[in-house]
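Student: I am new to this structure. Please take one part of it and walk me through it closely.

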Amino acid sequence: MIRLLKLKVVLLAIISAVCIGIVRASKFEGIPDEALPTSSGYLTIDEAKGTKMFYVYYEALSPPGKLSETPIVLWLQGGPGCSGLLGNFFELGPWVIGADQQFHPNPGSWNRIFGLLFLDNPVGTGFSIAPTEQDVPLNIEDVGEDLYTALTAFYTENPSFQTRTLYATGESYAGKYVPALGYYYLQQQEKETPVFQLGGLAIGNGLTHPVAQIPAYAPAAYYMGLIDDRQRSKDEELAKLVVKHIENGRFDLAHDARSVLMRALYEQTGFATLLDIRRELDYYTYANGSSWLSPVVNRESIKKALGAEESITWEDCTDYVDSSFRNQTMQSTKFMVEYALTKLPVLLYQGQFDLQDGVASNEQWMKDIKWTGISEFWNTERIVWQLEGVLAGHVRTYANLSHVVIVGAGHLVPADQGLRSQKMVEAWIGGSLASSPSLSASATPVKKSKTSCSVVDSFSIQSGKNLDMRVLEETPTSI
Ligand SMILES: *[C@@H]1O[C@H](CO)[C@@H](O)[C@H](O)[C@H]1NC(C)=O
Ligand SMILES: *[C@@H]1O[C@H](CO)[C@@H](O)[C@H](O)[C@H]1NC(C)=O
Ligand SMILES: *[C@@H]1O[C@H](CO)[C@@H](O)[C@H](O)[C@H]1NC(C)=O
């Protein structure tokens, strides 16, 4: 009897050891081999200046067709100055880092049927290299050019990828980067044959046309019941000041005025973050205000595993990149989206609990889009979108323009609603967004990992008191 019990204990120990992954040795400490990228490293932007963009690439897990025809999805983070590794290790990569500082397989990853590429953009961000602060691009056209240069280098180094269409996606301030890349690409296409084919642009909770978006903050907060009428009036005055500075071409002053508005909203609501009004703590943040990603990404073994420059201290968002964008943040890239719409599919999607770059703020600028299909777009019925019988969102799509609202998500949609975001991007690239109001989520699930027996739900809303007051002192960023 005792023997049997002993055997049971031993067996249990072995099983749990396998479950938490300590039996299998991995090549790099702290990261399971299965979580290692297919390739990663640096793409040269400007040889003379020494600027380089850091990238991480994951091959598709279960491509339904030939690899040579499998699309590649590019993901860009916002900020400005936030690292693509946020998307990789917290939102849509195949493995994400939980509050336990361990890697967990992500069932909502965007590389289920597509290749997935992350860039630390612009140079100076994350592990990317900008030898001096002056090397950070000063206007959005230069950001577009740098992205094109990086992608040209990536596709040149991997000639077998050149038949695989690229879809440029991103979040928040990437609402500028994604159009800038598209615009630069389409201009170049008139002059040369690019080494890669661009298939479409997608923006999640984007900041694209601030002059229309900023005035939506206060009404959205008021009608959600988050501020009172007097506060709304005050905030609307602050927003008018942002608009006035934009109209006068004083984008530096507009940037600062917008920070005043954001600070007012933080003070009035007491929220930990405007990016998701449900959260008592900011994304990937402990109750003491520190990030759970930085300690992991900065481990020597992780930098080695990623092929990142080891002397760089990784930050989720790099402040000097943000401040060097002071004259840019309040400028518009709407004209770039309008141009892209005449040539490419464009998807705009938002999580509905984002008070900053959410649904109302985006519909405000979408109403301003100049494009031949725009009235048909608005006349097209908005459909209720379900996944396996459960409400997942709302979809409106006409010709090259699609709009999706994701139910149950804040600003970082793939972190909040991984599967919904995955099915959305798969349907959009597959061209079935318009025709499938009830998309089926029954497609092949992501391969189960051998080293982890259960997926820890690190995405559930954290509870606890937010002690992080940094937000009131610093300029709020968009991620
Ligand atoms: C914050 O809390 C986390 C989790 O408890 C801990 O690992 C970390 O060391 C703490 N950081 C600081 C600066 O106290
Ligand atoms: C930002 O804009 C201000 C006012 O237009 C100008 O004086 C300043 O030189 C600009 N800064 C940069 C870095 O372009
Ligand atoms: C949509 O893009 C295609 C190219 O993919 C283009 O031929 C078409 O004219 C665009 N549609 C509209 C309404 O602009």
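This is a predicted model: local features need pLDDT of at least 70, side-chain atom pairs count only at pLDDT 80 or more; totals for chains, interfaces and linings use all residues.

Tutor: Helix 16 itself covers residues 418-429, which makes 12 residues. From first C-alpha to last it reaches 17 Å, close to the 16 Å expected at 1.5 Å a residue. Is helix 16 enclosed or open? Of its 12 residues, 11 are buried, so the rest of the structure largely encloses helix 16. Among the buried residues are Arg420, Lys423 and Glu426, along with Met424, Val425 and Trp428.

Now turn to helix 3, residues 140-157. Its 18 residues should span 26 Å at 1.5 Å a residue, and the end C-alpha atoms are 26 Å apart, which agrees. Buried residues in helix 3 include Ile140, Val143, Leu147, Leu151 and Phe154. What do the buried residues of helix 3 pack against? They meet strand 1 (39-46), strand 2 (51-58), strand 6 (115-119), strand 7 (166-171) and helix 4.

Take that last partner. Helix 4 spans residues 174-191. The axes of helix 3 and helix 4 come within 8 Å and cross at roughly 70°. The two helices are therefore roughly perpendicular to each other. The crossing is right-handed. On the helix 3 side, the residues in contact include Val143, Gly144, Leu147 and Tyr148. On the helix 4 side, they include Tyr177, Ala180, Leu181 and Tyr184. In this contact, 10 residues are nonpolar, two are polar and three are charged.

Terms used
Residues are numbered from 1 along each chain as its sequence is written. Chains are lettered from A and ligands numbered from 1 in the order in which they are written. Axes are lines fitted to C-alpha atoms, for helices over the stretch in contact, and angles run from 0 to 180 degrees between N-to-C directions. Helices (H or I, at least four residues) and strands (E, at least two) are DSSP runs, numbered from the N terminus. Angles under 35 degrees count as roughly parallel, over 145 as roughly antiparallel, 65 to 115 as roughly perpendicular and the rest as oblique. A crossing is left-handed if the near helix is turned anticlockwise from the far one by less than a right angle, and right-handed if clockwise. Two residues are in contact if their C-beta atoms, placed from the backbone, lie within 7 Å. Ala, Val, Leu, Ile, Met, Phe, Trp, Tyr, Cys and Pro count as nonpolar, Asp, Glu, Lys and Arg as charged, and the others, Gly among them, as polar. The expected span of a helix is 1.5 Å times one less than its number of residues. A residue is buried if 20 or more other C-beta atoms lie within 10 Å of its own, exposed if 12 or fewer, and partly exposed in between; C-beta atoms are placed from the backbone.
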